[in-house]
Amino acid sequence: MIKLYEGGAYLVNGTELIPDSGDALTAVESKSGVKTTKEEAAKGTMAYEILKNHNTSGNMDNLKIKFDKLTSHDITFVGILQTARASGLEKFPVPYVLTNCHNSLCAVGGTINEDDHVFGLSCAKKYGGIYVPPHQAVIHQFAREMLAAGGNMILGSDSHTRYGALGTMAVGEGGPEIVKQLLEQTYDIPMPGVVAIYLTGKPEKGVGPQDIALAIIGAVFKNGYVNNKVMEFVGDGIDNLSVDFRIGIDVMTTETTCLSSIWRTDNQVKEFYDIHGRSGDYKELNPAKAAYYDGVVEVDLSAVKPMIAMPFHPSNVYTIEELNSNLEDILQDVEKKALVSLDNNNIDFKLTDKIKNGKLYVEQGVIAGCAGGGFENLCDAADILKGKTIGADEFSLSVYPASQPIFMELVKNGKIADLMATGATVRTAFCGPCFGAGDVPSNKGLSIRHSTRNFPNREGSKVTSGQIASVALMDARSIAATAANKGYLTAATDIDANFSKPKYYFDKSIYDNRVFNGVGKADPEVEIKFGPNIVDWPEMQALTDNVLLKVVSMIHDPVTTTDELIPSGETSSYRSNPLGLAEFTLSRKDPAYVGKAKEIQKAEKARIAGTDIYAEDAGLKEIYDTIQSKFDVVPEQTEIGSVIFAVKPGDGSAREQAASCQRVLGGMANIAREYATKRYRSNLINWGMLPFVYDGELVFDKEDYIFVKDIKKAIETKEDTIKAYVVNKGMKEIELHLGNLTEDEREIIQKGCLINYNKKG
């Protein structure tokens, strides 16, 4: 089904793979007629060409990228715009789209959700942006329909910013990277590796894009095969996939932890642009006659079966057939794995009690968002369900078309009526089911979803309140098949459905009538509208020569998601209020964190104010006595902050708040074995936090202090290895590492955050 190459390979004429070996170049020349080297062939990928066209550094080893367009949604754009305004923003230099698809239905907090929307519209008018009102489209569907263009690059403040199937290299990053682009700065990265995703064959009837995506994620996530690399989709199997199908695979590449994606384009993609009235944005993309890839994931589409990703990660995959054949054993195994993620002895997490009459019964189905809400997914689901009902028991089915144009066409062709006749409910475009702000299951409920993630509590339950529910990811077709069986898990390949495949007609007037487009029409006279929850970022301090860090949380899970660092769901209503949101930091992982961080922050505030730090924390006197027995250190000139340790933090969302919430509570650093994603590490840096890596034996724990001497000098002199000292009834020397930092990143950390870096005067 899926094969991973141990080394690199050459793709010849876009069709034939030649593994990298001693005589590979001879074979490449013979078959392609091109005499080349590995270095030259590496320039033959589509990714290389697009990155070269957007690089401003003149050095392809170290890129400085400027993007063509930017996108954000309503739980990220307020913080981004507040940061940019504090940094001197005057107008948007490129098209910047502010969508409203995350808090459009969230009923928490009185007026604050709509206040954010009004703020966004006023900023679009003032700075010259595009504003998409609530219920019109989820962020990524609007980008597909209205922004993507062949050979372009788009940066979005949402991790699922992926438009590779349309020929656009898109990257999801934390908000500060959007700010840099708004200030006409660059996105700085080393040249990423490029991995070929070589597709062959044709999917079996009933197999959908989520099935292919989950199979790939299961093969590459745990071994980091494509981590921070570009996934480049090639092979003749692409010809057997509709554009909607390709998009459904592409959006899920985020769950592999890759940097971005790009696909070979063809007449089907051209037709997509034609349908959307943007024929001029199509560009044919193909790799060169001889292209070298750092790795290859070979996928036989015909061998992929309907898949299910069990709680609590998209990589925890099985075929539905395998699960149904080994229900008890697999469910018991999933329960054991879940204990690591839940890390809470008070939660009785069970799935084996879902077995009824030898079958797995689920309480809920959801088809939604940027992954599930596509036209073809919903048409196929409607065809499977036509003439059936979902029943009157616990099982429910909710459907969210990804945009109003899709919704409108489904109304016109009758598919909405078919879905509603089954008992399913149909909602407007909304991302809530993907992050826990809609369709929260009952306690101990199991939901099957064609959405993006199934992390712990991602569906909206609260472990710290004694609640637990869970999500299994599936394709829309198998969700519909399960719904047709009234909640008993069923693969779509086991249903004899007639897929009608109606043609899609895009009605642009829906957007013309509602979307504000101010590109090129910035009006500095417009007054920005602030709601009472929209608060400026608190002041951040510049880095001092030495720092003292108190360990306030230790997370030993193999991977820590951004959802665990700052919860999604109802907390999103407070993302316009940095201090308000910070109260939720680690609330589902380490509820004591906020209090502990605030305790040490009191001492730092006293230091800044010039008052007695020991009055705030008497224990610091003993700590400084120990440090001063070895070093000449002035406490009043030494920044004090908190630090968390996690094995591999940052998997999942691009949300900057996973870092900024720590920072506003006095967090100064993370210590990790490694960082799960580039974007989380970048968020730490942009908020002035030290992204330490530690590979030694753990000799520190909660409540210990770590003294880092001459950290400012180490950053200035580009040192990677940093000597630090664990202070706990003595001093034990350890080595921390900072890894590669760009010149700008070094200055950002020294100045305390990106806002300080950009301040004038």
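This is a predicted model: local features need pLDDT of at least 70, side-chain atom pairs count only at pLDDT 80 or more; totals for chains, interfaces and linings use all residues.
**Exercise 1. Work out how much space the second largest cavity holds, and which residues line it.**

Start with the volume: the second largest cavity holds about 60 Å³. A cavity here is a set of points, on a 1 Å grid over the protein atoms alone, where a 1.4 Å probe fits but cannot get out, and lining residues have an atom within 4 Å of a point. Grid points are joined across faces, edges and corners, and the volume is the space filled by probe spheres set on the points.

Residues are numbered from 1 along each chain as its sequence is written, and side-chain values use heavy atoms, with hydrogens and water left out.

Next, the lining: among its residues are Arg162, Glu173, Asn228, Thr257, Lys678 and Arg679. Strand 9 (169–172) and helix 26 (678–686) each give at least two residues to it; helices (H or I, at least four residues) and strands (E, at least two) are DSSP runs, numbered from the N terminus.

Then sort by type: 3 nonpolar, 4 polar and 4 charged. Ala, Val, Leu, Ile, Met, Phe, Trp, Tyr, Cys and Pro count as nonpolar, Asp, Glu, Lys and Arg as charged, and the others, Gly among them, as polar.

Last, look at the backbone of Thr257: its phi is near 70 degrees, a positive value in a residue other than glycine. Thr257 sits in the loop between helix 9 and strand 13 (260–263).

**Exercise 2. Describe the largest cavity and its lining.**

Count first: the structure has 5 cavities of 30 Å³ or more. The largest takes up about 190 Å³. Of its 21 lining residues, His73, His102, Asp158, His160 and Arg458 are the closest to its centre. Helix 6 (139–146) and helix 17 (432–435) are the elements giving two or more residues to this lining. By type, the lining splits into 7 nonpolar, 9 polar and 5 charged.

**Exercise 3. Find how helix 8 and helix 9 cross, and what makes the contact.**

Take the axes of helix 8 (residues 209–220) and helix 9 (residues 243–250): they come within 8 Å and cross at roughly 35 degrees. Axes are lines fitted to C-alpha atoms, for helices over the stretch in contact, and angles run from 0 to 180 degrees between N-to-C directions.

Now the partners: Pro209, Ile212, Ala213 and Ile216 of helix 8 meet Phe245, Gly248 and Ile249 of helix 9, with contact meaning heavy atoms within 4.5 Å. These residues divide into 6 nonpolar, 1 polar and no charged.

**Exercise 4. Locate the cis peptide bond.**

Pro311 and Phe312 are joined by it, with omega about 5 degrees. Phe312 lies in the loop between strand 16 (307–309) and strand 17 (317–319).

How values were computed:
On a 1 Å grid over the protein atoms alone, a cavity is a set of points where a 1.4 Å probe fits but cannot get out, and a pocket is an open set with protein on both sides within 12 Å along at least five of seven lines; lining residues have an atom within 4 Å of a point.
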